[in-house]
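Subject: Structure handover

Hello,

I am passing on the structure we spoke about. Please find the sequence and the model below, followed by notes on what was found.

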Amino acid sequence: MQPVSKEFLPWLKKAIPLANHLGIQGLRRQDKQLVFDLALAPLVNDKGTGFGGGVAGLATLLGWCYVTLLLDETQQRCPVVVRDSSNAFTAPITKDFVMRCEVIEEQAAEVFLQEFAVKGRARLRLKVWVEQQGVSAFSYEGTYVALGNA
């Protein structure tokens with residue numbers, strides 16, 4: 001995986017205006033993961049913790065970014081949609097946090113790109129999670145579809 005270009009996050013915030021209001025402070029690569037650095041304040045609920053809908057929305061967006069950037073690396077940008085997803089909240093998110101995304105299966109990204117090159121359409125299953133103070137606070141799995149020239 002290549003580093004995230006400096007132009008991607010400003011482009012994302014213009015292409016998806018809601019991204020301007022979700023506390024995204026940074027987007028970076030770390031090993032094979034794509035990582036959001038996030039502020040809690042824009043997502044806080046009435047209990048002073050991370051609002052579930054906002055956190056789930058960020059996970060969906062981070063997965064979408066992962067697939068879009070993967071396609072960008074091979075100059076194959078196309079429409080990407082989330083097909084299905086599920087999430088679980090296991091502890092409150094109580095401070096600024098980091099959200100991580102990666103493929104579920106080791107060679108999945110390579111298989112996805114090969115399938116997309118042959119068929120013009122492909123699916124990729126991703127996992128996203130948040131840990132705070134060494135404890136899992138949130139987990140997500142989603143399937144994303146690259147639609148080729150749809």
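Helix α1 (residues 8–15) and helix α2 pack against each other at an angle of about 125°, and their axes are 13 Å apart. Angles over 145 degrees would count as roughly antiparallel and 65 to 115 as roughly perpendicular, so α1 and α2 are oblique to each other. Their crossing is right-handed. On the α1 side the contact is made by F8, W11 and L12, and on the α2 side by L61, W64, C65, T68, L69 and D72. Sorted by class, the contact of α1 with α2 has 7 nonpolar, 1 polar and 1 charged residues. Please keep in mind that this is a predicted model.

Next, the sheet. It is open and has 6 strands in the order β1-β2-β4-β5-β6-β3, with antiparallel pairing. The edge strands are β1 and β3 (80–89), each of which pairs on one side only. From one strand to the next, the twist averages 20°.

Helix α2 comes back here: spanning residues 52–73, α2 packs on the sheet and touches β1, β2, β3, β4, β5 and β6 (135–146). The direction of α2 makes about 45° with that of β4.

Two of the strand pairs can be followed in detail.

- β1 with β2: strand β1 covers residues 24–30 and strand β2 residues 33–38; they run antiparallel and are joined by 6 bridges. Within this pair, L27 has F36 of β2 as its bridge partner. The two strands form a hairpin with 2 residues between them, and D31 in the turn has a positive phi of about 60°.
- β4 with β5: strand β4 (residues 97–103) and strand β5 (residues 122–132) also run antiparallel, with 5 bridges joining them. Here R100 stands opposite W129 in β5.

When you look along any of these strands, remember that in a regular strand the side chains alternate between the two faces of the sheet.

Where does G53 sit? Its place is in helix α2. Is G53 buried, exposed or partly exposed? The relative accessible area of G53 is 44%; buried would need under 20% and exposed over 50%, so G53 is partly exposed. G53 and S5 are 48 residues apart along the chain, and their C-alpha atoms are separated by 28 Å.

Regards

Methods
Residues numbered from 1 in each chain as written. Predicted model: local features only at pLDDT ≥ 70, side-chain atom pairs only at ≥ 80, totals over all residues. Heavy atoms only, no water. Pairing = 2+ DSSP bridges. Helix = DSSP H or I, 4+ residues; strand = E, 2+ residues; numbered from the N terminus. Axes fitted to C-alpha atoms, helices over the stretch in contact; angles between N-to-C directions. Contact = heavy atoms within 4.5 Å. Parallel < 35°, antiparallel > 145°, perpendicular 65-115°, else oblique. Left-handed = near helix turned anticlockwise from the far one by under 90°. Nonpolar A, V, L, I, M, F, W, Y, C, P; charged D, E, K, R; others polar. Buried < 20%, exposed > 50% of the residue type's maximum accessible area, 1.4 Å probe, protein only.
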